[in-house]
Amino acid sequence: MRLVLAFVLALTAAPLWAGRLVGEDPAEARVRAVATGLRCPVCQSENILDSHSGTAREMLELVREQVIEGRSDAQIMAFFRARYGDYVLLSPPSTGPGAVIWLVPVLLVIGGAGLALLLVYRLRGPGKDTPETHAQLTEARLEELEP
Amino acid sequence: MSMTLTLAELGQLAAGLALVLCVFAIARAVLSVRQCAPARLVAARNAMFANLALLSAGAATLIHAFVISDFSVAYVAQNSNLELPLLYRFTAMWGAHEGSLLLWAWYLSLFTAAALWLHWREHPLSMPWIIATLAAIQAGFLAFILLLSNPFASLTPVPANGRDLNPLLQDPGLAFHPPVLYLGYVGFAVPFAFAIASLIRGQVGHEWVTAVRRWTLFARTALTSGIIFGGYWAYYELGWGGYWAWDPVENASLMPWLAGTALLHSMMVQEKRRMFRSWNVFLVVTTFLLTLLGTFLVRSGVLTSVHAFAVDPGRGAYMLGFLALAMTAGYGLIIWRATMLESEARLEGALSRETAILANSVLLLVVTAVVFIGTLFPLAVEVVTGQKLSVGAPYFNKVVAPVMVALLFLMGIGPSIPWRGMTSARFLRHFRLPFALAAAALAAGLGLGIRAPLTLLSIAGAVFAATAILTDMSLAVAARRRSGGVAWARAAGMVLSRSRRRFGGLIVHLGMVLIAVGMIGSGLFQSQATVEMRRGDSVEIAGHVITLRGIADIDMPNYQGRRATFSVAGDGRPLFELRPEKRFYPIRAMTTTEVALRPQAWGDLYAVMGDESADGRLIARLFWNPLVSWIWIGWAVVLAGAALSLTERTRMVGVCTRRPAPQARGVPAQ
């Protein structure tokens, strides 16, 4: 049993091992990171890295040039935004209508936590007499009760 | 027109009759309640059985038309071809809009018949409303099929050849993805119908939840499988190195999965503890509406372009109207019955299974809402302001990933906390080992130079959940071994057969952890290179040396193309070859890429062929995708766990134990 446990644990820690295999030119990694955030304007919901279209290739080359020139990610994004509009950013800008998109998750988390707390508060209290049946016990508790 | 009917016309007639029978069934079912005439209900039930027979005949005629290439049927002419291999002639039946909706309706008739067959005796008072609800959904779909999206429509003059199935869909993956996904979508109609029936009757106790546990588990498992098949298909067919792109079409199937997962867990609280009544009816209605929304989003064309939707508003308007009607009915009933939906029991401890499941529901619904807003908000902005906005993978990854990591931890905690609560001292003692190993994984990650907090936390979460689940399993087996005085293997067998639900659930969780590990590995540690190579050139990626050996022509009946051959070597030894292709399908004038893929335990090598230049250089994309196979293995584990859990019938636990036994033991209850 312990062997099985150890084996599966080793397996779940596999990303640690997988992570060591990565060795890539850092500039190229940045080109990729920026390119996956830019939408190919002539395709159907594809980023410029994955798209095979000519437009996407040209845009990718522009990204590469600007990375080599040493411009920051934000500068490169702003360059494409000025050229193609907000549509080109796969992660919407936090100004204008895009702000809603960023605000909603925050509100949802706050609202969800609030709702959960409210429910816990409202439902709290001593229970009616509902005895725990055998089937409701966890195996861990069974172990305590039937040593 | 000749007097003899073609087979396709017979199919259309069958679908028309099925629609009439649905309307008849609704009327009979409602009348049986108003006039207290149970005999009328038998007629309604039989109408739904006949409905299955008619729609089976209808679907069979359409498949037949594909198999014999009957191009007098417009749908066949648009989606098949004389050169199309036989397998794809079958799968082409659901390859486009009209046929896939017929598949939807056929599934619904099948599930309706199965539900009536299985639950006819157990739920006599709910039965009229269950039949009426299912028949109404069916009528809605059949009317849509016959009026606006007719797969049997004929075409004159009859073309000599068809326009071929979309080449992307000419793949074995398509044989499984849509039909399995639809199994999940339509499966949720049965729990929905039971919930509606109990709302109408005002009997919103645990009966409906107990009745539909296995339906919900079945639908959720089918939906999981459908989504995984879709990911697998995208992975090896679309050639961009990934399996999930946060495309609106994918999001459409993820939303009901998230809500359905919340439902599956939350239902247990009502079954075991008589709580969360309103929450559960809300979740089941929401899940069903999201399956309708999923069908609507994918099938109305609204995602491709808001303008395409505006130009041909018939289908879209009908679907929106149908959705609005179902929403009004579902949520309206919940509001109407609000006072009856109060919980019977109280929440006794903050650290209890109940609160863990509540937290799980809230987190899953937050993700559902984020995906909903992210998918539909750009459409809304475009309709209102005309401004085009993109919400894509970078946004969803940033917002959804932290919640998913929290869920990973919760997945380890939830099954180990008892109902009603435990003390925090016991909680800490119970999770000693998982917390220790998660901390060790965190430290190991830091030691290996990983600095991104979310990456570290996700790895720690996977280790935590796996440890907690395995601890739970081994504790149960150890307890059984001691109490029974039997060997390990036998104790494990006993636990597996006696607590199938609990162990099924734990196995499903373990499978989900494996899927999560696969996603962490491939999502965060992928490496890739776009290379330009001549014959004989080599490139290194993730410890593999890949050499281009040659490029050759391929010529098949329904496509032509080019195939590159790469040899792969590791540690100086030749290992295997990769042969990606680029295909051209002349009938649709479409070019597709065929990925070359070599799955290994630690990762996949993945090659995609790009363009060739005039001087013989080839552009190719090469990927190292760590741990992707774990996703597919994890799916198999999820399926095994769900299957184990499905074999246990739900007992009416509380009802039997609270009442004194009415009869002496041994007397059959008649």
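**Close-up 1. Helix α5(B) passes helix α7(B) in a right-handed crossing**. A crossing is right-handed if the near helix is turned clockwise from the far one by less than a right angle, and left-handed if anticlockwise. The model is a predicted one, in which local features need pLDDT of at least 70, side-chain atom pairs count only at pLDDT 80 or more, and totals for chains, interfaces and linings use all residues. Residues are numbered from 1 along each chain as its sequence is written, while chains are lettered from A and ligands numbered from 1 in the order in which they are written.

**Close-up 2. How α5(B) and α7(B) pack**. Here α5 (residues 97-119) and α7 (residues 172-187) of chain B have axes 9 Å apart, at an angle of about 50 degrees. Axes are lines fitted to C-alpha atoms over the stretch in contact, with angles running from 0 to 180 degrees between N-to-C directions; helices are DSSP runs (H or I, at least four residues) numbered from the N terminus. The angle makes α5(B) oblique to α7(B), oblique being what is left after under 35 (roughly parallel), over 145 (roughly antiparallel) and 65 to 115 degrees (roughly perpendicular).

**Close-up 3. Helices α3(A) and α4(A) cross at roughly 130 degrees**. In chain A, the axes of α3 (residues 26-35) and α4 (residues 54-68) come within 9 Å. That crossing angle makes α3(A) oblique to α4(A), and α3(A) passes α4(A) in a right-handed crossing. Look for A:Ala27, A:Arg30, A:Val31, A:Val34 and A:Ala35 of α3(A) meeting A:Leu60, A:Val63, A:Arg64, A:Val67 and A:Ile68 of α4(A), where contact means C-beta atoms, placed from the backbone, within 7 Å.

Definitions and conventions:
Helices (H or I, at least four residues) and strands (E, at least two) are DSSP runs, numbered from the N terminus. Two residues are in contact if their C-beta atoms, placed from the backbone, lie within 7 Å.
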